[in-house]
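This note is meant to be read beside the sequence and the model.

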Amino acid sequence: MTTDTPVPGTVKAAGLLVGIEGLAGIAFAVFLLIDGGSLPGGNLYGEAGYFVVIFGGVLACGIGLLLGKRWARGPATVIQILLLGVSWYAIGPSGQPAFGIPGAVVCIATLVLLFRAPSRIWADGHGVTGDGEK
């Protein structure tokens, strides 16, 4: 098993998408702090902090994939499955397809990228080394 296999473009593209999801979640937390003050009840700071912690982890997985860290692939996969459920809820029961459909498309695209053959080979630690040997 080699440890210096180059990171395939599919993994880097998935990392970019996951990173964008993380940044979007953190931006939502900032939006809550700026514009969410008119909501009655609840703890606004707690809710925003929750989103920062959760989506900070999502951002960390995206950065990990961009840097070629194999540990990030598993959590990124779980995140996409969870966000796909959120997208389904936005499309159906919430009646917000304008948010749910793009979210679902990004989740599906990321899952496809994470499970393409080059991504799986890379995650297993196999592939071409820096010398061009297998």
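1. Terms for helix packing. Axes are lines fitted to C-alpha atoms, for helices over the stretch in contact, and angles run from 0 to 180 degrees between N-to-C directions. Two packed helices are described by the angle between their axes and the distance between the axes.

2. Basis of the model. The model is predicted, so local features need pLDDT of at least 70 and side-chain atom pairs count only at pLDDT 80 or more, while totals for chains, interfaces and linings use all residues. Residues are numbered from 1 along each chain as its sequence is written, and side-chain values use heavy atoms, with hydrogens and water left out.

3. Overall make-up. The chain has five helices and zero strands, in the order α-α-α-α-α along the sequence. Helices (H or I, at least four residues) and strands (E, at least two) are DSSP runs, numbered from the N terminus. Of the 134 residues in the chain, 34% are buried. Buried means under 20% relative accessible area, exposed means over 50%, and partly exposed lies in between (1.4 Å probe, protein chains only).

4. H1 with H2. The axes of these helices cross at roughly 165 degrees and come within 7 Å. H1 and H2 are therefore roughly antiparallel to each other; angles under 35 degrees count as roughly parallel, over 145 as roughly antiparallel, 65 to 115 as roughly perpendicular and the rest as oblique. By class, the contact of H1 with H2 has 21 nonpolar, six polar and three charged residues. Here Ala, Val, Leu, Ile, Met, Phe, Trp, Tyr, Cys and Pro count as nonpolar, Asp, Glu, Lys and Arg as charged, and the others, Gly among them, as polar. H1 passes H2 in a left-handed crossing, a term that applies if the near helix is turned anticlockwise from the far one by less than a right angle (right-handed if clockwise).

5. H2 with H3. For this pair, the axes come within 9 Å and cross at roughly 130 degrees. That angle makes H2 oblique to H3. The crossing of H2 past H3 is left-handed.

6. H3 with H4. What is the angle at which H3 and H4 pack? The value is about 155 degrees, and the axes are 8 Å apart. That makes H3 roughly antiparallel to H4. The crossing of H3 past H4 is left-handed.

7. Residues on H3 and H4. Val86 lies in helix H3 and counts as exposed because its relative accessibility is 52%. Phe99 is found in helix H4 and is exposed, with a relative accessible area of 64%. Val86 and Phe99 are 13 residues apart in sequence, and their C-alpha atoms are 10.0 Å apart in space. Between Phe99 and Ser87 there are twelve residues of separation in sequence and 7.4 Å in space, C-alpha to C-alpha.

8. Further residues of H4. Is Cys107 buried or exposed? Cys107, which lies in helix H4, is buried because its relative accessible area is 2%. Cys107 and Ile81 are 26 residues apart in sequence and 7.4 Å apart in space, C-alpha to C-alpha. Ile101 also lies in helix H4, but is partly exposed, with a relative accessible area of 45%. The C-alpha atoms of Ile101 and Ser87 are 6.7 Å apart in space, at a separation of 14 residues in sequence.

9. The largest pocket. About 940 Å³ of space lies in this pocket. Its lining has 27 residues, with Glu21, Gly25, Phe55, Leu83 and Val86 nearest its centre. Helix H1 (9-35), helix H2 (44-66), helix H3 (73-91) and helix H4 (97-115) each supply at least two residues of the lining. By class, the lining divides into 20 nonpolar, six polar and one charged residue. On a 1 Å grid over the protein atoms alone, a cavity is a set of points where a 1.4 Å probe fits but cannot get out, and a pocket is an open set with protein on both sides within 12 Å along at least five of seven lines; lining residues have an atom within 4 Å of a point. Grid points are joined across faces, edges and corners, and a volume is the space filled by probe spheres set on the points.
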